[in-house]
Amino acid sequence: MKNCLILLVSITTLVNLPGLNLAQNSALFSRKVGQYTVTTLTESQGQGNKSLLIGTTPEILERYAPEGTFPNATHAYLVQSQGRNVLIDAGMGKLTTNLEAAKIKPEQIDGILLTHCHGDHIGGMMKNETAVFPNAHVYLSQKEYEYWKTSTRGDQARKVFEAYKDRLHIFEPATLGGSADPIIPGLKAFAAYGHTPGHIVYLLESGPEKLLIWGDLTHAMAVQMPCPQVALTYDVDPSEAIKSRKAVLEYVVKNKLPVAGMHIPLNGMGKVENDPATGGYRFTAF
Ligand SMILES: [Zn+2]
C-alpha cells in the first residue's frame, strides 16, 4: 500500500504542474473514426521531470529535454457510436466532470476497456467504495488481472474488481499484427506488455478508418519518439516496455495508423512517422 501511495503521489506530481487544462478551458476535442466519434477526456496537462526517465544520456537530455522536463498529460477516451458510449480507461477522478462536459451521465456508459490498472487509469471508476458506472461492463487482459489480484500494490485495483465483479470480462489479447476477434464491436486488443505485466493497446476500426489507442506506451513523447529505448520509472518491466514500444511504433508507421495515447500532450491524438533526422520517430498532433 505504501508503494501504491508513492506511485499515486508521483503521478500527481507529474501531472499537476502548471499547464493548460483543455477539459476545463475549452471545448472537448473529438475526432471521427468512421462511424465512431472519439473524444479526449483530459484530466491534466503539465511537465514531467527527467528524473523519471531511465536509459537517457546527457546528449539525449540536452537535445530532447533541455530544461530537464518534458510535456505530459493524462487523458481517458470516450468512443461513441449509435447511442453506445464506451470508455477507454477511466482517468484519475475528474472523469465524471469531463463526461458532464460531453453531456454523458455515468449510467449511460456501456463499457470500460482498460489498457492497464494503474491509478491514473482506473481512478475514475470508484467513488469512495462504490462503482461510479452502474451499467458498464469492464474489460481487461488476463495478465493484468492476475498481476493486480495478488500485487502488494493492488488495493485500488482489487476494489475495482470487487465493485464490478458481476460485469468484469477478462480476456487474452491477440499478438500485435496477428488476427484478432473484437473484444466489443469495433475494438480489438493487442498485447503490449511491459509498462505493466498485462498492458494492452486497442485498435478501433470502422471500415478503412482506424485509430490505435496505445495507453501508456509513452509518457515522454518529446524524448521517447526520437529515442524509444528510453523507459520510465513507472514501467514494471522497462526492457519489455521498450520492446513493446518499438514494436507498436513500427506497426503504426507501417500501417499508417493514427494514434491516441493516455499521456500524449494536448489533444492526445496524432500521427507517427519515421524521422531520419533522429533515427527514431516523429509525432504530429491533430
Ligand atoms: Zn498512466
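These legends describe close-up views of a predicted model.

**View 1. The largest nonpolar core and its most connected residues.** This core has 75 residues. Those with the most contacts inside the core are Y77, I112, L113, V201, Y202, L204 and I213. Strand β4, residues 69-81, gives the most to the core, with six residues. In soluble globular proteins, nonpolar side chains tend to be buried together.

**View 2. The surroundings of V201.** Leaving aside residues up to four places away in sequence, V201 touches T115, F190, A192, L212, I213, W214, G215, L217 and V248. One of these, I213, is listed with V201 among the residues with the most contacts inside the largest nonpolar core.

**View 3. The buried and exposed sides of helix α6.** Helix α6 spans residues 142-150, and its residues E144, Y147 and W148 are buried. These three lie on the same side of α6 because they cover an arc of only 85 degrees around the axis. The cover over the buried residues includes β9 (137-141) and α7 (155-163). Q142, K149 and T150, on the other side of α6, are exposed.

**View 4. N128, a residue other than glycine with positive phi.** Most residues other than glycine have a negative phi. The phi of N128 is near 50 degrees. N128 sits in the loop between β7 (126-127) and β8 (130-131). N128 counts as exposed because it has 6 C-beta neighbours inside 10 Å, and the limit for exposed is 12 or fewer.

**View 5. L266, in the loop between β15 and β16.** The loop runs between β15 (259-260) and β16 (269-275). L266 is not a glycine, yet its phi is positive, at about 60 degrees. With 19 C-beta neighbours inside 10 Å, L266 counts as partly exposed, since a buried residue needs 20 or more.

Note on methods
Residues are numbered from 1 along each chain as its sequence is written. This is a predicted model: local features need pLDDT of at least 70, side-chain atom pairs count only at pLDDT 80 or more; totals for chains, interfaces and linings use all residues. A nonpolar core is a set of buried Ala, Val, Leu, Ile, Met, Phe, Trp, Tyr and Cys residues joined through C-beta atoms within 7 Å. Helices (H or I, at least four residues) and strands (E, at least two) are DSSP runs, numbered from the N terminus. Two residues are in contact if their C-beta atoms, placed from the backbone, lie within 7 Å. The arc is that of the directions from the helix axis to the C-beta atoms.
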